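Subject: Structure handover

Hello,

Please find the structure below, with the sequence alongside. My notes on what was found follow it.

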There are 2 protein chains.
Amino acid sequence: MLREFFLGFIKIHILHHAAKGPVYGLWLIEELGRHGYKLSPGTLYPVLHRLQEEKLLKTYQENVGGKIRKYYRTTSKGTRALSSIREKILELVGEITES
Amino acid sequence: MLREFFLGFIKIHILHHAAKGPVYGLWLIEELGRHGYKLSPGTLYPVLHRLQEEKLLKTYQENVGGKIRKYYRTTSKGTRALSSIREKILELVGEITES
DNA sequence: TAATCTATATCACGTTCCGATATCGGAAAA
DNA sequence: TTTTCCGATATCGGAACGTGATATAGATTA
């Protein structure tokens with residue numbers, strides 16, 4: 001319940017984290033979990049793939065301790081998208097916290 | 001594009017407005033349009049019905065100038081949901097606007 | 001009685017969500 | 001070397017959601 005309100009937040013978090021540094025699937029699941037957003041791999045991976053298709057994220061693989069990881073980072077388009085999303089959020093916050 | 005990030009915001013706006021006073025479909029479409037969120041009736045009405053099913057909104061009909069309007073207001077559950085969403089947004093904003 | 005206006009409702013189809021399950025690739029154990 | 005295990009990514013199938021287009025309905029105007 002209330003999931004439909006928060007799914008967008010989750011995606012924004014993903015963009016945000018991927019703008020700060022490389023992230024990968026399992027780490028995101030744990031990190032978002034720490035913020036109270038539970039999401040399953042069946043939700044996350046398709047989201048990552050879509051964001052990549054939309055050229056908001058780019059990816060590269062790395063072998064870490066023998067396991068292959070796919071790291072994601074924002075593209076410049078993704079960074080720009082994030083800024084415009086940030087603006088919209090501030091606007092929203094301004095509106096829904098005014099008397 | 002970027003729609004998937006904003007859809008949640010739209011729903012929050014709806015809750016917010018319905019918490020401040022009675023709202024109805026067409027008015028919401030116009031109001032949200034003013035904020036740069038375009039949405040068609042095919043999106044809005046199902047959302048209103050769902051929120052009503054989830055008992056976040058309640059509705060009543062009124063005859064206004066001969067036309068029947070369905071006004072929506074938040075229930076107390078809806079008001080509580082809105083508060084918790086507000087908290088989450090502030091948390092999100094805090095996180096994505098910090099260095 | 002037809003056309004118009006405001007407003008809500010629904011249809012059909014594609015997309016997304018999501019738990020469950022499968023798969024992968026390398027390391028270590030056997 | 002092959003089997004087992006583990007971190008990690010991928011996919012499946014059904015349900016839910018999103019959306020433009022279209023329908024419906026009542027009142028007013030022509």
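A polar side-chain atom of His49(A) lies 2.8 Å from a phosphate oxygen of DNA strand D. This is a polar contact, that is, a pair of N or O atoms within 3.5 Å; within protein, one atom must be able to donate a hydrogen and the other to accept it, and residues adjacent in sequence count only if both atoms are side-chain atoms.

Some notes on reading the values. This is a predicted model, in which local features need pLDDT of at least 70 and side-chain atom pairs count only at pLDDT 80 or more, while totals for chains, interfaces and linings use all residues. Residues are numbered from 1 along each chain as its sequence is written, chains are lettered from A and ligands numbered from 1 in the order in which they are written, and side-chain values use heavy atoms, with hydrogens and water left out.

DNA strand D

Two further contacts reach phosphate oxygens of DNA strand D: a polar side-chain atom of Arg50(B) at 2.5 Å, and a backbone N or O atom of Leu26(A) at 3.0 Å. The elements giving two or more residues to the surface near this strand are helix 2 (25-34), helix 3 and strand 2 of chain A, with helix 1 (3-20) and helix 3 of chain B. Helices (H or I, at least four residues) and strands (E, at least two) are DSSP runs, numbered from the N terminus.

DNA strand D is surrounded by 20 residues, and the closest are Tyr45(A), Arg69(A), Gly42(B), Arg50(B) and Lys67(B). A residue is near a strand if one of its heavy atoms lies within 4 Å of it.

DNA strand C

Around DNA strand C there are 23 residues, with Gly42(A), Arg50(A), Gly66(A), Tyr45(B) and Arg69(B) the closest. Polar side-chain atoms lie 2.4 Å from a phosphate oxygen of DNA strand C in the case of Arg69(B), and 3.5 Å from one in the case of Tyr24(B). These two residues also meet each other: the charged end of Arg69(B) sits over the ring of Tyr24(B), 4.0 Å from its centre. For this, NZ of Lys or CZ of Arg must be within 6 Å of the ring centre and within 35 degrees of the ring normal. From chain A, a polar side-chain atom of Ser40(A) lies 2.8 Å from a phosphate oxygen of DNA strand C.

The two protein chains

Chain A has 4 helices and 2 strands, in the order α-α-α-β-β-α along the sequence. Its C-alpha atoms fill a box of roughly 55 × 30 × 20 Å, taken along the principal axes.

In chain A, 37 residues are in contact (heavy atoms within 4.5 Å) with 37 residues of chain B. The area buried between the chains is about 3,400 Å², and carbon and sulfur atoms give 68% of that. Buried area is the accessible area (1.4 Å probe) that two parts lose on being put together, summed over both. On the chain A side, Glu4(A), Phe5(A) and Ile96(A) lose the most area to chain B, together 21% of what that side buries.

The charged end of Lys88(A) sits over the ring of Tyr37(B), 4.6 Å from its centre.

Regards
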